[in-house]
Amino acid sequence: MTAILSIMLAVILTNNYVLAQFLGICPFLGVSKKLDSAVGMGVAVTFVMLLATAVTWPIQMYVLNTFNIGYLQTLVFILVIASLVQLVEMTLKKYMPPLYNSLGVFLPLITTNCAVLGVTIQNITDGYNYVESLFCAIGAGIGFLLAMVLFAGMREKLENCKGIPECFQGIPITLISASILSMAFMAFSGVVDGIFG
Amino acid sequence: MKNNNFKENFIPAIVLVCICLVVSLALAATYNVANPTIIANQQKSADEARMEVLPDGDSFTEYDGKLVNGVDDCYIADNKAGMAVTAEYKGFGGAVKVMIGIDANGEITGVKVTEHSETPGLGTKAADPGYLKQYQGVSEATAGHINDDPNIDAVTGATITSNAVYGSVVEALAQFKECGGVK
Amino acid sequence: MNKLSILTKGIIKENPVLVLLLGCCPTLATTTGAINGLGMGVSTLAVLVCSNIVISLLKNIIPDKVRIPCYIVVIAGFVTIVQLLLKAYLPALDAALGLFIPLIVVNCIILGRAEMFASKNSVLDSALDGLGMGIGFTLALGIMGLIREFLGSGTAFDIPIYANTGVEPAGIFMLAPGGFFVFAILIAAINYFSKGKAIKKKEIGCEGCAMADSCGGACDGKEADA
């Protein structure tokens, strides 16, 4: 139990996928302009991460490792993620139109979100078992959601900011805010081991 | 109508499957060419890392007996010059992994931090080769904390990381006793 | 468009990182040193050129319906080949880049060029386009890496510059905040010297993203542009 909690806290706070490991930067910068779309993207990513891990972990352990074809990992994982995203999209469209309308638009973007492929591969390289992997995926998703929501809040304030030098307007000032947010997250280092050590 | 259906649904699927097959075959071929080199590389870099802490060692064989708590692996030099022990101990940002070389007399020949997530600039000073030199020749370390050992200094401002290195050294020396020296 | 301009446009005018702002993840994550940055750049370049050539060759065979999965399979294949070769012949670089080698698959530059250029142009043009974009990517990563390495550890290409002079390097430039910061300053500098002309986009959005068709304006950046 402590192992699972510390894995989750680590990926949410100290090793946050976006702010410490630079995974999923594109949606982080692209879809964080409004709070509601940031939440939608975050929830969709969390869901796909969990689903992708739930499918790829057994494939790695029982298919790729058994037949000694670990080198097909990247190829198989990305195909699995792409088809999962497609499946989820079709299911939502057919059976849950309201949910599709709020989350569906983000789904195609998720296929090329490196955080999803990243979490599935990292679960394997870190040697987590199935349950740990699932919680790590949820944690990574929550960490992504947290970063998105915090950053969306910052950017809504930035919109009303006056006096930014012309060459810093737009992307540069956004990146500087991201830098400060990531610095704030650095303060969490040591916290997780402090709690569980 | 039927023909159209076939064209629309099956041809794309067949093309995709064919591409997958061709790519997989190409990968299998590359893997067969590259794999022996990869294995040789891993073996070589692992041996080289062990020789950094135990310069007199040549090739190494894994010790298959009991490992002391905190010790990840223990390799004994084939020429009986000593052993290279990898141990880990809790640091500031997570576990600090340290490789320790111990010669046949039980004296430390080298200490190297192999993995850590400590604060750069502060904690990393405790991984500095200059700082780690003080462990050379040490054969006895049993204090519960680095501050309680008069022979070993901690880095100011990075006591936790220094203590993580110290803790790993304590574990490694205990492992040496567990093995009953180099046999 | 003549052959030379296809090659050179990716290096300066449409530099994928500094002007089109694509592939931000590896740009930020792998530039803790000039050598790592260049290594990542060259690996991406190799994948980009190969996948552009193959996709251009197959452009009449691949049915439109499954084109994205087909592109992804081709790209993933080349990425794995690069990964295996690095593991075998440059193990140090492979260890330094780690997870980001398999993640070349989802680098939007590669899928973006496949969708926007290679699927519509001849093999030679596609190869040149891949080469140009790859060189531009490599240069940008090399520059980022050099700046961060110089400020963060006092070295350049692992050669000490002021590392042993008693001046303490600012280690934060090697960490995540430093990555965002250096990238911000680089883009601001380009804005300043080109008087805001180079980077037309004011936000990172769907433009240039291979998924733009299917996402249909979900991106806020695109809405703002329109």
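Modeller: A salt bridge here means a side-chain nitrogen of Lys or Arg within 4 Å of a carboxyl oxygen of Asp or Glu, and by that rule there are 0 salt bridges between chain C and chain B. The model is a predicted one, in which local features need pLDDT of at least 70 and side-chain atom pairs count only at pLDDT 80 or more, while totals for chains, interfaces and linings use all residues. Residues are numbered from 1 along each chain as its sequence is written, chains are lettered from A and ligands numbered from 1 in the order in which they are written, and side-chain values use heavy atoms, with hydrogens and water left out.

To stay with chain C and chain B, 20 residues of chain C are in contact (heavy atoms within 4.5 Å) with 17 residues of chain B. The buried area, which is the accessible area (1.4 Å probe) that two parts lose on being put together, summed over both, is about 1,600 Å² here, and carbon and sulfur atoms give 82% of it. The rule for polar contacts (a pair of N or O atoms within 3.5 Å; within protein, one must be able to donate a hydrogen and the other to accept it, and residues adjacent in sequence count only if both atoms are side-chain atoms) finds 2 residue pairs across this interface, both at pLDDT 80 or more. On the chain C side, helix α4 (residues 67–89) gives the most, with 12 residues, where helices are DSSP runs of H or I with at least four residues, numbered from the N terminus. By class, that side of chain C has 16 nonpolar, 2 polar and 2 charged residues; Ala, Val, Leu, Ile, Met, Phe, Trp, Tyr, Cys and Pro count as nonpolar, Asp, Glu, Lys and Arg as charged, and the others, Gly among them, as polar.

The UniProt record, an unreviewed entry, annotates several spans of chain C as "transmembrane region", among them residues 70–90 and 126–147; such annotations may be inferred rather than shown by experiment, and their positions are given in the numbering used here. Over residues 70–90 of chain C the model is 95% helix and 0% strand, with the end C-alpha atoms 29 Å apart, and residues 126–147 of chain C are 100% helix, their end C-alpha atoms lying 32 Å apart.

Chain C also meets chain A, where 45 residues of chain A are in contact with 48 residues of chain C. Between them these two chains bury about 4,000 Å², with 79% of it on carbon and sulfur atoms. Of the area that chain A buries against chain C, F22(A), T112(A) and I171(A) supply 17%, more than any other three residues. The count between chain A and chain C is again 0 salt bridges, together with 2 residue pairs in polar contact, both at pLDDT 80 or more. Several helices of chain A each supply at least two residues to the side that touches chain C, including α4 (73–95), α7 (114–125) and α9 (171–186). Of the elements on that side, α9(A) gives the most, with 9 residues, and by class the side has 29 nonpolar, 13 polar and 3 charged residues.
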